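Please keep the model open while you go through these notes.

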Amino acid sequence: MTAINKILVAVDFSDHSKYIADYAKLLATKLDAALVVVYAAPSLSQYVGFHVPPNSIESFVGEIVSGAEKSMDAFLAENFGGLQASGKVVTGYAAEEILATAEQENVDMIIMGTHGRKGIDRILFGSVAEKVVKGANIPVLTVRPPAL
């Protein structure tokens, strides 16, 4: 069987992220694996042409990233104390960034949540989890959190 030494955990800092962290913590503990926790901040570059100055968008994205880095530090301390875990805030489209980070970090598995959208919500918002599952060449554990 293939060894799982490093696991990427994709979070969005929603209330569901704690639930995903529980699965990651369980697997990391049982497999003695390191964790790379990733949050993908939106780049908002698609809005540059809408009469919004690029420097305003860059400034706003910078604030999002700065806030996400603080949230990441708190999330790691709260959920992964005592484990080998690092956090990473990336900017861009979530599915692409998760897959790119998984490759860069040479992880053996991805754990992420799915919101279980259906109907028009799924058409409008798509499924990051589905895109990651289809694009990954490593196992992906998707966890659908209970309704909050």
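1. Is Asp 32 buried or exposed? Asp 32 counts as exposed, because its relative accessibility is 70%. Buried means under 20% relative accessible area, exposed over 50%, and partly exposed in between (1.4 Å probe, protein chains only). Asp 32 lies in the loop between helix H1 (17–31) and strand E2 (34–41). Its phi is positive, near 55 degrees, and the residue is not glycine.

2. On the source: this is a predicted model, in which local features need pLDDT of at least 70, side-chain atom pairs count only at pLDDT 80 or more, and totals for chains, interfaces and linings use all residues. Residues are numbered from 1 along each chain as its sequence is written, and side-chain values use heavy atoms, with hydrogens and water left out. Helices (H or I, at least four residues) and strands (E, at least two) are DSSP runs, numbered from the N terminus.

3. Ser 17 sits in helix H1. Ser 17 is buried, at 3% relative accessibility. Leaving aside residues up to four places away in sequence, Ser 17 touches Val 11, Asp 12 and Phe 75. Contact means heavy atoms within 4.5 Å.

4. Now helix H3. Ala 95, Ile 98, Thr 101 and Ala 102 are buried in H3. They lie on the same side of H3, because they cover an arc of only 135 degrees around the axis. The arc is taken from the directions from the helix axis to the C-beta atoms. Glu 96, Glu 103 and Gln 104 are exposed on the other side of H3. The cover over the buried residues of H3 includes strand E1 (6–10) and helix H5 (128–135).

5. Asn 106 follows H3, with a positive phi near 55 degrees. Asn 106 is exposed, at 62% relative accessible area.
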